[in-house]
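Me: I have a model open and want to learn how to read it. Where should I start?

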Amino acid sequence: MLICHCNIITEKEIEQTIVGLLDEDPWQLIVPAKVYHAMRKRGRCCGCFPNVVETIIRVTENYHARSEEGGADIVSHLDRVRDLRVQYGSRFHERRTGNHRAA
């Protein structure tokens, strides 16, 4: 599936890059900018970043679930991110209230 239309990047390419980064350091913080930098690309319109974040979370959770580490130590990051989106997403956008209008 095509994730980034500006750079023509597929979900599989992003997943492979994330796994490569996790192979280097399994506990590093991976953000969309780091993934794009590793691919020697850059975000243009950045409309794909929410999908990239979901992919990062999913691949990271799967990577750690398959690793030799104990499964009890793994925190479900995806659920935490979704809870934050539900909690803050409807009320705030870039620290503005919902009734704020751009010019």
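**Reading the core and the salt bridges**

Reply: Start with the core. This is a predicted model. Its largest nonpolar core has 16 residues. Ile 14, Ile 18, Ile 30, Val 35 and Val 52 have the most contacts inside it.

Me: Which elements supply at least two residues of this core?

Reply: The general idea first: in soluble globular proteins, nonpolar side chains tend to be buried together. Here, β1 (2–4), α1 (11–24), α2 (32–38) and α3 each supply at least two core residues.

Me: What does Ile 30 touch?

Reply: Leave out residues up to four places away in sequence. Ile 30 then touches Ile 18, Leu 21, Leu 22, Val 35 and Ile 56.

Me: How do I read helix α3 (residues 49–66)?

Reply: An α-helix has 3.6 residues a turn, so residues three or four places apart point the same way. Helix α3 has 18 residues and reaches 25 Å from first C-alpha to last, close to the 26 Å expected. Its buried residues include Val 52, Ile 56, Val 59 and Tyr 63.

Me: Are Arg 58 and Glu 15 buried or partly exposed?

Reply: Arg 58 is partly exposed, at 31% relative accessible area. Glu 15, at 18%, counts as buried, because the cut-off is under 20%. Together, Glu 11, Glu 15 and Arg 58 form a salt-bridge network.

Notes
Residues numbered from 1 in each chain as written. Predicted model: local features only at pLDDT ≥ 70, side-chain atom pairs only at ≥ 80, totals over all residues. Heavy atoms only, no water. Helix = DSSP H or I, 4+ residues; strand = E, 2+ residues; numbered from the N terminus. Expected span 1.5 Å × (residues − 1). Buried < 20%, exposed > 50% of the residue type's maximum accessible area, 1.4 Å probe, protein only. Core = buried A, V, L, I, M, F, W, Y, C linked by side-chain atoms within 4.5 Å. Contact = heavy atoms within 4.5 Å. Salt bridge = Lys/Arg side-chain N within 4 Å of Asp/Glu carboxyl O.
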